[in-house]
Amino acid sequence: MDIRRVSMKIGIIGAGNIGGNLTRRLTALGHDVAVANSRGPETLHELAEETGATPVRAEDAAEGAQVVIVTVPLKAVPQLPDSLLDGAAEGAAVLDTGNYYPQRDGRIAAIEDEGLTESRWTERHLGHPVIKAFNGTYAQDILDRPRPAGDPDRLALPVAGDDEAAKRTVRALIEELGFDTVDAGGITDSWRQQPGTAVYGLRAGAEAVRKALTEASPERPADFRS
């Protein structure tokens, strides 16, 4: 049977290591990718030439997108346009790859004092539910470590989120990229994959990822507190 991939319109906000490599892989898979950064589309000429992605302004990246990937430092999230997701497709999945590093982002009291998970804080700023994934993934692995389903060396990524339909979309996309996925629960549970946990940066299969999620401690490590 000839099973053809369904091309999606994907907006990527952030063209750093993760955003750039997701642009490379998703365009190679045939998806229609628009990519934006904080410096303007004219600075994305080389990435666009390499990949065929369309460089756009941040406020236009989500236009018509079925998946929107937000991959910027947490300190940059409040500066994203208020209308960022207004033009996204109905039911769009918003994927958050971000992590809180106080040495980079400054102290965020809602995370450290009020106990908000990093992705809950992000979704409150975006005004839209998010799916947390890729936050503990090495950027180069996106290019170098994809494996076919069933390969014993295929890595698994934890995926957390409250919107089950959006989570299914994101998990299917990650699996298309060549990685297994593990359901890590809702955004309230997403502390289990934040920096300093056993699953953060773990290069392993699904069983080991599930075990690491189960063994996570809710106490934020000192290295990730201000």
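This is a predicted model: local features need pLDDT of at least 70, side-chain atom pairs count only at pLDDT 80 or more; totals for chains, interfaces and linings use all residues.
Which strand supplies the largest share of the lining of the largest cavity?

1. Residues are numbered from 1 along each chain as its sequence is written, and side-chain values use heavy atoms, with hydrogens and water left out.

2. The largest share of the lining of the largest cavity, three residues, comes from strand β7 (residues 156-161), a strand being a DSSP run of E of at least two residues and a helix a run of H or I of at least four, numbered from the N terminus. Of the 19 lining residues, those closest to the centre of the cavity are Gly136, Thr137, Ala156, Leu157 and Leu202; a cavity is a set of points on a 1 Å grid over the protein atoms alone where a 1.4 Å probe fits but cannot get out, and lining residues have an atom within 4 Å of a point.

3. In the largest nonpolar core, which has 30 residues, Ile10, Leu22, Leu26 and Phe134 touch the most other members. Such a core is a set of buried Ala, Val, Leu, Ile, Met, Phe, Trp, Tyr and Cys residues joined through side-chain atoms within 4.5 Å, where buried means under 20% relative accessible area with a 1.4 Å probe, protein chains only. Helix α7 gives the most to this core, with five residues.

4. Valine 130 lies in the loop between α5 (118-126) and β6 (131-132), and is buried, with a relative accessible area of 1%.

Definitions and conventions
On a 1 Å grid over the protein atoms alone, a cavity is a set of points where a 1.4 Å probe fits but cannot get out, and a pocket is an open set with protein on both sides within 12 Å along at least five of seven lines; lining residues have an atom within 4 Å of a point. Buried means under 20% relative accessible area, exposed over 50%, partly exposed in between (1.4 Å probe, protein chains only).
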